[in-house]
Structures are given as structure tokens and as C-alpha cells.
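Please look at the sequence and the 3D structure below. This report walks through a few of their elements, one by one.

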Amino acid sequence: MKDNPYLFWGLAIILMLSATALFAPLISPFDPSSIDSQGLLMAPCARHPLGTDGLGRDLLSRMIYGARISLSVGIIAVGISILLGLILGSCAGFYGRIADALIMRFADIMLCFPTFFLILAVIAVVEPSIYNIMIVIGLTSWMGPARLIRGEILSLKEREFIQAERALGASDARIIIRHLVPNAVGPVLVNATLGIAGAILLESSLSFLGLGVQPPVPSWGNILIESKSTLGIAWWITVFPGLAILITILGFNFIAEGLKKIIG
Amino acid sequence: MILEAVDISKKFPVEKGMFGPASARTVALDRVNFRLMEFTTLGIVGESGSGKTTLARVLLGLIPADSGTIRFNDAFISDFRKDVQIIFQNPYNSLDPKMRIKDALYEPLIIHSVCPRREMRGKASELLRIVGLDDAAMERYPSQFSGGQRQRICIARALACGPKLLVLDEPISSLDLTIQAKLLDLFVELKEKFRLTYIFISHNLSVIRHIADTVLVMKHGRVVEHAAAHDLFERPAAEYTRQLLEAAR
Amino acid sequence: MNVSQRSLKRLPALLVVFLFLTAAQAGAKDYGDAIVSASVADARNLIPMLASDSASAEISGMIFNGLVKYDKDLNLCGDLAESWEIREGGLVIVFHLRKGVRWQDGQPFTAQDVEFTYKKMIDPDVRTPYAGDFERVKSLEAVDDHTVRVTYKEPFAPGLASWGMSIVPKHLLDGKDLNTTEFSRRPVGTGPYVLKKWKVQEKIELASNRDYFEHRPYIDRAITRVIPDESTIFLELQTQGLDSAGLTPLQFSRQTDTAFFKKYYRKFRLPGFNYTYMGYNLKDPRFADKRVRQALNLAVDKKEIIDVVLLGFGQVSTGPFVSQSWAYNHDVEAAGFDPGRSRALLAEAGWKDVNNDGWIEKDGRAFEFTLVTNQGNEQRQKTAQIIQRRLKDIGIRMKIKVVEWSVFLSEYIDRRDFEAILLGWSVPREPDIYDIWHSGRTRQGEFNFIGYKNDEVDRLLVEGRRVFDQGERQRIYRRIHRLIYDDQPYMFLFTSESLSVLHNRFQEVKPEAAGIGYNFIEWWVPRQQQKYTILQ
Amino acid sequence: MSPLLEVKGLKVDFHLENRIVHAVEGVDLQVRRNETVVLAGESGSGKTITTLALTRILPAPARIVAGQVLLEGRDMLALEEKKLYSIRGGVIAYIFQEPASFLNPVLTIGEQIVEAVIWHQRLGRQEAQDQGRELLRQVRIAEADRVFNSFPHQLSGGMNQRAFIAMALACKPSLLIADEPTTSLDVTIEAEILKLLTELKEKVGFSLLFITHNLAIARKISQRIYVMYRGRVVENGLTEDIFKDPKHFHTRELIAAYHKIGKL
Amino acid sequence: MLNYIIKRFLGMIPVLFGVSIVSFAVISLAPGRFSSLDQAMNPKVSAQYQMRLNRAFNLDKPVHVRYFLWLKDLARLDLGRSFVDNRPVAAKILERVPVTVGINALSLLVVFLVAIPVGIRAATKEGGAFDTATAVFSFVMLSVPAFWLALLLMQLFCIHLGWLPISGLHSLDFDYFPPVRRFLDVAWHLILPVFVSSVAGLAVISRYMRSSILEALQQPYIYTALAKGLPQRTVLYKHALRNALLPIVTLAGLSIPGLLGGSVIFESIFALPGLGQLFFQAVMARDIPLIMAEVVLGALLTVAGNLIADISYACVDPRIRYK
């Protein structure tokens, strides 16, 4: 592990953040949604290490709960998109011809839409709770992984050890599960970590447009957006969530780089 | 007679670059006929592009032939996927890099349920012993072996389900001469021990002379000559065969 | 004062400039400079009758005039009409038009233009949202070039105010399809400012109309920059990139008490023309019970909302009017914050915390409802969260649902598919609120979507429309105010003050009931302080 | 007469991530003018590394640790990099195993020949192109013009190797190093290339250092053979002596395999 | 070449058709309808007005009928009129294209002009100070949320230091400036937006270029070039670089659709009249003709971009051009 600094630091950051998210109720000094009309916009001080926001809520607590939201949005959204990508990608890659043409054309169509249009369309039908956001981001970002997996499987299919498996009489399903997927999983994992980073960024951009996670539930994205109007006098409400997003995505990018080194 | 190939033909579409006509096709196999006697070794010789590899893949059913039929004598070949196996040329490509040798050997045992789960380890180590490797190989990955050792593992895997016919597509061509010699001896030994039938494909005439009983010479997908090894090397009938022999001397 | 100005104009330009120089010391006002303000959205259509969005309405308001307008004390006074008479008990209004008024392209303004505007207003093909009041007119007749006689089907008091609608030039629009004419991008009006340049989604530049019938405005150019993001607007203010802008309570109180702002800007805190309310769906049995509505009203501390959300820049609202309007009934006292009485009233209505789990129930069902509000309005979301916590204190569980604006209208408001909504009304100067409170206005798309019905209020609303005398109307509307507040169909929350800031180089800016913009053509900037001077 | 090339105690190490591999452990060899010497050995014996070390075109991880390479008396290892430019291609030229991968895929054959001629003989472009076409005819390529303007992937293995030889001989080197030039070719074409090489050697006059693991070829074309095993020269001598009376066990093993499946 | 392009164009039709169907369905079936009301509801706006609008815009007809009406107009290349201000949709899009395309093209230019040399230098000096510095820069810039960076830079450069203008494309009296000053004024306004929008691209392309060069330098034909005695510079810039640039060409081709993809957030913070804003406002107001026009246009560009990427790759890589 030591000879792979990227992976080491990446995992360190993400584990620390996951711990924060997991034990949020224990380590958060205040209830994130408790409004204190006397303590509006207090600068970072002993009582509020990261200061308070426009409604007098403690920023540190909101950031800690925000970690829970942003991380879970990232991980679950990418989980869905990777799962979908895996299924559709391997079918397109393995069964080829019609399946390939259909799935890839469908991916082309989906890729033509700007992400927020797809997301808006779904959010307009289902109101923007956290879970819907995760599902929506997942449903609208499977095209990248699908293409990647299809490419991997197309190249693997020609390799001789797959022909040998066929000659041994292995069924298609066995070949896909036992041989194609394990060999394709490396690059997919790298794509997944980058995907998580992308999903977290996307959630914060959605909050900017008012479509992200709805207040009072805190996510780094909507804390950051609410801070826009107080940038001049309350720099901390803008700086800290931004830094948190930066560090988290940096962590995932490091893991991706580290993984790339391992799978070569 | 263990196998008879009748008028096997196969064409491949040729990619003429992104903008060329897609319809041009090259001939890979052109009405190939031959019979294979049980317990013998049929050598197939030809230069690259002669169609020998395609023929191997057609025989294994990995690629469908455009026309022609392959008739197996069911006295010998009752279960096609069990009784007919293949060894490829490039040892670095024919083993799943993500799978331990133990699991690679288990694959045929599981697919054809050759023996119950608990006996598989024993069977696997026996197979390794047959091809001259020891149990230490079990837990290691393909990347930790030399080319020669990997080819031995492939042989062990092919033998796992007790095949009758082994198609060897240039099995030793990419190895050093000394290792080629050792593997040839292994092939001969295994043929006797398990009463196998070989189809041995190579572009190296001296290897074919060493191992083949009968020889098939192929050029541009057609069988140019089919004769007993001894006759072919002494009195080649076809002009092309003479050229090959001349070039190799 | 008007006559002397006009004669000056006929002198050759050079001489005029000379006169200015000499006149400057004598305390006369200087011409020149520009005022730069910002709008979150670009104007959509500058034809006044089609300008349904606020940005278009504001810009077209400077280019056109109506027959009447509101003066600084919110009373109606003449604009294009010099005077008017109410005849036959309110059935007929005769307008006497101002003489010598010209369109910005030099053509004279006549009664034909008024007749043309009226015809277009009631033309079904013209997509104007303001046709309602004009459909009450039985006939309009241009007696002569400067007299217009309007006859109503029945006396219609708000009719007079409806003639604040801008008049459009017949000679330019006759025979054209108003919905698609290019006129909407290149309007010609009678107003103090002329459209000079419109760069889409960037800026709209208006230049002063030298021949404006009152007098030439002192400020040469009025520029509106389109900046979609509020915080970017505030950043521009901090570098004097803008001369005037609205402020949020936070910006007004904390961010603008810096030396920079005190040095260059003047802050204005003016009464707002709006109120925010929580509307109940009166068809819901729980809210049909008046005691429940009054109990909820007692449970929420409006003062706290104003302090936290508006930082004190707002007043508690006690009804559908704003305090600076003559229709407002100052005797109506806000019910105050009394959770104890609220619980008692709820108990009286059968809502008690039977299994004392902290939530009150009736016939086994907990009091739980969802408040729906629209996205993009931070004040409403914060208010909802405070109400949520206060209702929790008396055992009522209220969920908040924030929905995108157009979904809010079509799925909740139009379909009456809500238990309670958090919304606001902008209150026009004319106090006629028939469309919101009359029980006849509850069909799809109409504004009495809470389904309010009070016979006396219905009768008074009709009466208020018939009577022209303001004293009599005042008595009616004050009565309506009392009745509605007692009925509590809405929990009236607050009226937020309009906070704005203006660069201090502009002189003669006097805040009045009608705000500060009523005398815009009088504003001027001393020559040496002028910031944007360009060689014409 | 002093030999054209003399290598004394050449040592080359490979610095991999966590270990050092001694690829060449002290090699001594000589090549006289117009002589054909074979460097025989199996894969991993260090024969290719030895030849690349002669003009210091080793891959990054390789480092020359000791030894001298005397070319007409001058030690190549001590020379400054700039001085080597005139030697490489001018005095010592190379031919490699798979012509397709050792030729630049995006440049025409002509361009790759011309650039060497221009660089070494400072000729004008037009003159260089004429000389290039003449070189192609010299290596018996029938349609010299077509080949001159084609790309490597449009030509057969044999044709590419002929072009490669033309390129190597463009600047009339005195020593041609051929690293298994025919291993990837068909038997018939292999014979043609070997015939071409010997003919050119007689006509143009250069020494040939031929690297192979195939003793049949070694016996056919060389006067002297060096046998390499695990980075050392284990035996050297006249070709016939080696075949008649091999001393080292590895040489004997090679000869035995040759007799069994090496010759026809 | 031609029949390949024709084949690809024919392939495009189903995709574009699919896109138009999906977007029409999505936006028509999604709840919420076009309404002219601002968020500050004005009671003076009469109710029948909404009915008139629905009739005027055929909103009262069933979805499939409306789709065919739209398709019929599209066949006549008439994209219809925007609900919001009744102006022809084509005009509304065209007037915004220069801004969005301009900024995107500029940042693409900056990205490729800066990232390629940076990538090359980082590769040739692998492991050196420059290499690690660019690596850190790339990682941070890849991870930073663009609008957060924009806000902070605005606060620093525009407010605190006052060097740069905050928003907009032109200074106030731009129309009265002499041509040279106009050019400088626009350039001055574009410094921050172009920088922020090219930051991510810079990071990606420089990393990509670095790994592409390193890979090319390990190819066998590099040994041939060295063996010919060519100097280090020629080996790097002629042999290695030309091969390493191939994937970059594809990346450039694939970013063509991005040219028209304005970023909503970006344009609202910098108050730039781009297509991103137009599209977002259209979707929010359910301005169906405008949405359909932009979606189909975007799809056309995406597919065209892919084609251009493939063709440019073929032009650059002879292995694909001729077989």
C-alpha cells in the first residue's frame, strides 16, 4: 500500500469523511436545523468553530450532516449507474449486433440531453427528496459506464482464454460472470470513483438551480448555494462547504489514480 | 476414422479501411476435405494466411463454417465439448489473468462435473503432475509463470475432461527451441498414455516431420497435398510443398 | 412652470446651451448623466397591454402613459387626461385629454389612440391579461380629438383606475397583429423616455424624451442591466457598477452599513405593496372549522418570523390590504401570540393530545397536514420552517413540500389539491379585491382557490365596485378588512418592506407613500457629480 | 588488423521499482570488417540488450554499469550524446524483429528513409527522395514508387522488412546489427530476406552482427558464433567447431534441439 | 469517404427522431404548464387569459397531435415562436449563439494551446518539479466546483482588487467606444469567465497528453528513430508527438457539442446572455417550442460532433484512412 501514495491518501480522506457521516449524530455539536435568531451569521468562534449561517444554525453540524447527504448521493447514484451500465454494457458487448445497436443508440439518445434537463423532467414528476435525486442522477449517468464496459468486453471476447472457455463448453452466463466481468471490473472501478466525484459536483450544481436536495435538509451543495447572498460578510459559509466538496472529490480522484496504477 | 471433414468453406468480410467498399471478402477455407484416423497425429502445414488456424477454430465449432460438414464418429466422440479440446499458440493469452491456476483447472471439472467438489483438488494436482508441474503452482496466478510452464497448464486444463481429440494450433511456435523440444516429447508421451488423436498445426516443417503421421499442406485455404509424413518429406508431390521444403533446408 | 420650458425648446440648440450655463448658478437643475439599475430578468414584451411580467411592465411604464396615474399620496390624478367627470351615477366617465401631446415619433396624440387601445384590449385575439376591467365597458366614443366618453354596463369604481393602462399609438399599430409585431421590440410611446437600445439578456437603454409633454426629464439615460443572479447584483453595487438596486433584509441591515455605502449610497426603507399568507383549503373539514383557523393564528408568532426572516423589515399583516392604502382598517388588532389559548380553542374544537405522545388527535386521527410552497423564494421557505416548529409546540405535525413554480400552479393551485399553501399577493393601488375574495371566483384558474364564502363580504365587494365616492368605499373596504381577518381564511403573516439603495448623486428624491419613483422625471445630478456623460 | 568493433566486459543492469536485474554480466565480443558474426541465445539471455547498449539506445530502466565498446578504437560509452548522433545510422545501423511495429505507423516508408538520409548526408529533400527510391530498388522491391509512398500497415511483413533494410543501409554503415529480423516471417520469405542480406553484404560491404535463437540460420550465414546464456557469453568460436564439438551444457542443449527439430 | 458520411447521417436520423420524441414526451407529460404569472402573483391578471393562452398555443390538444404539429412545422424548418415573448425561436437562439460559442471556443483554444505544451513538458521531465506541480494543479482543479471557484475569484479580483469587471460582456458605454477599445473591453470582461470555464479542461487534457506522450515514447518505432541517429528533439516532436496527438484530436472532436452547451450556473453568475440560461429558463417556464428547438439542435450537434471526431481521427491516423 505504501508504494501507492495516491491510493493511500485517497482512502484516508474518504474513510475519514465516511466516519464523519456515519457518526454524524454523535459528533455534531448542535442539531443542524435548530434556528437561533440571536446568533445570525456569527464568525467562527469557540462555540461555533465554523460559525453560523443566515438562520443562526451551526455550520459545523450542518457540514457534518451534509457529509452524510453528499457522500450517500455520490455513492448510491454511482452504484445505480454502474449497475445499469454493467448490465446494458455487457449485453451490448457480449451479444452484439441487434442488442449492441439498440442499446448503443439508446445511449446516444440519452447522451444528447443536457443532464439537468433529464433530471428536471424526472424531478418534476417526483418531488426532489434526497432519494429521488440519487436515483435520478444514477438513471441519467449510466451511459458512460455502459460504453466503457462494452468496450472492455468487446476486446476481452477475442482473447484466447475466452475461446478456450467456450471450447471447454462453458455457458455464456458463466463466461460473462466468471471471466468477462472480473477482467472488466478494474477500469469500471476507476470510472466509478470518478463518477462519485461527478455525482457530488452534480448535486451541488442542482442545488444552485433549486433542484437539488431541498432545505431544511443540509447538503454541502445547498449550504454553498444559500451562502451566495452573504459572500461579502460571511465568507465562512461559502468557503467551508466548497472546501469540503473539493477535498472529497480530491479523495475520490486519488483513489481512481491509485486504482489505475494497480490494474495497470 | 474418428473425424471426417467434407468440403469445408469459409469467407471473411475484409475491412477496407473506414471508407473503402465493405463488400470485399477473402477466402479463408475453400472446400477442405480430409479424414482423421484415431490415435494418429495429423500435421497441418502452411504459411500465415493459409487458413490453418481458421480450420482449427471451425473444427472446434468456435467459428461457423459457411458450408461443408464435419462428421464425428460417435464411437469415439460422443460428447463433442468434452471429447474435443484445443491448445492455442500464445501462452500469455490463453489463461485468465485474474484466475488462480487451481480455479482454471477446476473450470472443466465443474462444467462437465467430472468429479465431486471435494475431489477436485486431488484431480487438479494429478493433472499438474502429468504435465510436469508441482502443487505449488495451484495458488499462483498465470503472470508468475514462464511461457513454457503456462502452455503446460493449458495442456493440463485440456486433459481435465478426458478428451479424445486434441487440436494443437501452433502450440510451441512462440517458445524457445529447447523448451519446444521438451514440450514435443510431452505431447508424444501424453498421446500414448491417454490414447489421444492429435491435429498438430505448425509453420515449422521440422516440428511436423518429428511428430506427424500424416501431413496436410495448405495454401490460401485450399489443401495442396495430403500424404503420409514419410512420403511427403521424401517425394513431395505438389510444387508448393517442394518450395516449402527447399526454403526450410 | 410648463409653458416657459416649452418655449426654450424652440430656440436653436446652441443658444439653449448658453442659457443653461448662465442659469446653472441660479439653482436651476442640470441635465445629463444616466441612472443604472439591475433586473433579474430581461423584459419580454414592451407593448404595455402584453407586458405581464414585472420587468416588461417597469420599462414600458417609462415609455408610455395612461390616462390617469397615482400621485405621491396614492390618489388618482391626471396623466394624458387633464381632467375627468363621473356622470349618470358612475355609468359614464368623460375624459378631457391634454392638448399638444405628441408621440415620440412626432405624431399628435388624440382620442383615436384611446379608442384604438380600448378596441385592442377587448379583442379576443390579443393575448392581454388585463382585459377583465375593460370588458365591463359598454361603449367608448371619441367625442372629438381631445374628449373621450366611456359608458359602463353598470357603475364600476375600479374602472377609473383601470385607465392607468398605457395608451398605444393607433397610427403605428392599426392593422397589425399585436402578438407578433416588431413594435414590441421597438415601442413608440408618449412617455418621458424613449427606447434607445435593447441588447437581449444584457441591457435596455432608455434616453430622455426631449419633447415630453410635462417637461424634458433631467436624467438623460435610464439603463437597466439584466443580471440573473441576486448576489452578482450586490457585488456590482459594491463596485458602484449599479446606481440603484433592491436589497434583501440582510444586505440592508448588515452588508450596507460600511463606510463605502455611507459615502456613495442612500438607503430607502419603504412600505411594501404585498403580503405573505398561509392559505387553508376550506373544503378540508379540519380547516372549515373557524376555531381551528383562529387557534393556528394564535400559535404562530408573526413578530418572530419578521425578526428572523425579514430582520425586522416588515409589519404584521392583519388583512388583504397594506397599511399605507386608504382602504386599510387600522382598528383591526393582530390576534397576538398565545399558544395556551390556541390549545384551548383546539380542545374546544375536539383536538386533544389523548395518548399524550406530543401530538393532538381527534377521533383517533392525528392533526397532520402538508404546507406546499414554491421553490426559489428563500423567505417563504424560512417562514415555513418557523411555522413548522411553532405548530409542533401545540402538537400539530406540519410537513413542508417545496415544489417548482409552474408545477405549484398547475398541480396544486389550479387543481385545489392542497391542505395549506404558503404564498403571497402583490397588492395593487386600487383596493378592489373582488377577484380574490368573492365566492363566485372559485372556478379553475380563478384566484379564490381556498374556496372562501361570506355573504356579507360578497355583498360589500359588489357594493365597493359600484360606489365612486372614496369616503364611502373606504367604509366598505374597512368593513371587509374586519370581516376577513375575523374569518381567518388566511393566516395573514407579514407585509415585507421594500428595501432599496440609490446612489447619492441623484437630487430631489423624496420617499412618499407611493415610494420614490413617482417623481423620477424631477431627479437630477449636479454637473460635476455626473458619472456617465457621453458626447451625443 | 584491429577488429571493427570490440566489446570488453560490458555490464548492463535494469533498475526496476523494487529490485535490480543484471541483464548483461560482462560480455566480450569482436566483429571484424565484412565478417558475419552470430550472437545466439534463448529469450532472456541478454542478447538484444547487449546490441542496444553498443550505441546507448537502451530503454529507460537500463543502465550501463561497466565495460568498453571500442568502434575503430573509439570508446562509444565515453562519447558525448551529440557525437553518437553521427555514429548511429551512419556507422552502426539496426534492423529489428517485427518491422510493422518498429516502423512509425503514421509516416510513409519514404519519409522514414528520407529523414535519415537528410540528417546524415545533409542532402536536399528532392535528392534524398531519389536516393530513397534507389535504395528500395536496391533491396529488390519491384514497385519502389508505390512502396515509397505507402504506410507500413499497407505492406506485407516481408516488404516492410525489405524497406527497413533499405533504411538501415541508407547512410552506408560499416556495421549492421540484425536482431532476429526474420523470426516473425514465413519460411519462404525468411529465406529471401537472408539471401538478400548476404548479397548486399558482399556487394556493399559491411560487417553483420546477426542475433537469433535459430541455429539453422546461424549455421547457414555466419563464420563465427557467440553463445549467450543468462547475460554471459558462455562459448564462442568458428561456426563449424561449435556445431561439431559444443563445450558448454547450454550450447549442447541448443545443438541437440537443433538436430531434433531445428534442421530439416 | 462520402458514402461513409452519408451512412452516418442516415444513422443519425433515428437518434434525432428518438431525441425529439423523448423530449416532447418528457416536457409535455411533466406536470406544470406554461404560465405568464410571475412569482409575485398579480390579481389583476384575469383568469380567462390562461384559457386564451392554452388555446393559442394548442396546449388544449392531446400530446401526439401537438407533436405532429411541431414535426410538420419542423419539416418546413419553422421552429415556431416562443410562448414567453412570441419571438421566433430561431432568432432567440441565434442571438445567444455568439456568446456561448465564443466563450466555449475561447476556453477550448486556451485548453489545447496551454495543456498540450504543459503535458509534453511534464512527460519529458517525468517526476521532476514541473511534473509534480502540474499533477497537483490538475488534481485540485479537477476537484474544485466551478461556481465556487467563480464566486471566490470574483470576490478577490473584482471586489477586493478591483482589477476585473464582475459581470456582463460589455461596459456600459460599449456602443460608443471606438472599435479597438470595444475589442479590449470584451476581452477584459472575458478573462475570468474563460479562465474558470477552461480550468477543468486544462487539468484533463494536460494529464491526458502527458500519459499519451509517455506511452508513445515506449513504442518500438522510437528505438528505430534513435537507431537512425536522429536527435532527441526530432524523436520527441516528430515521431512520438504525432502519434500521441491522435487521441487528443478525438477529444477535440468530441468537445464540439460542448460548444453550444452553455452552463446555466456559469452564465447566471457572470450574467452572460448564453444558451445555457435560455434553455434553463425555457424549461422552467415550460416554453415547449424553445425547449424542443434547443434539444434537437443540441442532439444534432452531439451526433455531428461524434462524426467529426471520427472523421478527424481517420484523417490524422492513416491506419484507419486506408486499409
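## A helix in chain D

Which residue just after α8(D) takes a positive phi? The residue is D:Gly205, with a phi of about 85°. Keep in mind that this is a predicted model.

The helix itself, α8 of chain D, covers residues 187-204. Buried here means under 20% relative accessible area.

## An open sheet in chain C

Now turn to chain C. Four strands form an open sheet here, in the order β4-β5-β7-β6, with antiparallel pairing. β4 (81-87) and β6 (137-144) stand at the edges of this sheet in chain C. Each has a single partner strand, so one side of each is left without a neighbour in the sheet. On average, neighbouring strands of the sheet are turned by 15° against each other, direction ignored.

Strands of a sheet pair through backbone hydrogen bonds. In chain C, β6 and β7 (residues 147-152) run antiparallel and are joined by 6 bridges.

## A hairpin in chain C

Strands β8 (residues 193-199) and β9 (residues 203-208) of chain C run antiparallel, joined by 6 bridges. C:Lys199 has C:Lys203 as its bridge partner in β9(C). The hairpin of β8(C) and β9(C) has 3 residues between the strands. Here C:Gln201 takes a positive phi near 60°.

## One side of a helix

Which residues of helix α14 (residues 339-348) of chain C are buried? They are C:Ser342, C:Leu345 and C:Leu346. These residues cover an arc of only 100° around the axis, which puts them on the same side of α14(C).

What do the buried residues of α14(C) pack against? Their partner is α12 (290-299) of chain C. Just after α14(C) comes C:Gly350, with a positive phi of about 95°.

Notes:
Residues numbered from 1 in each chain as written. Chains lettered and ligands numbered in written order. Predicted model: local features only at pLDDT ≥ 70, side-chain atom pairs only at ≥ 80, totals over all residues. Heavy atoms only, no water. Pairing = 2+ DSSP bridges. Helix = DSSP H or I, 4+ residues; strand = E, 2+ residues; numbered from the N terminus. Axes fitted to C-alpha atoms, helices over the stretch in contact; angles between N-to-C directions. Buried < 20%, exposed > 50% of the residue type's maximum accessible area, 1.4 Å probe, protein only. Arc of directions from axis to C-beta. Contact = heavy atoms within 4.5 Å. Expected span 1.5 Å × (residues − 1).
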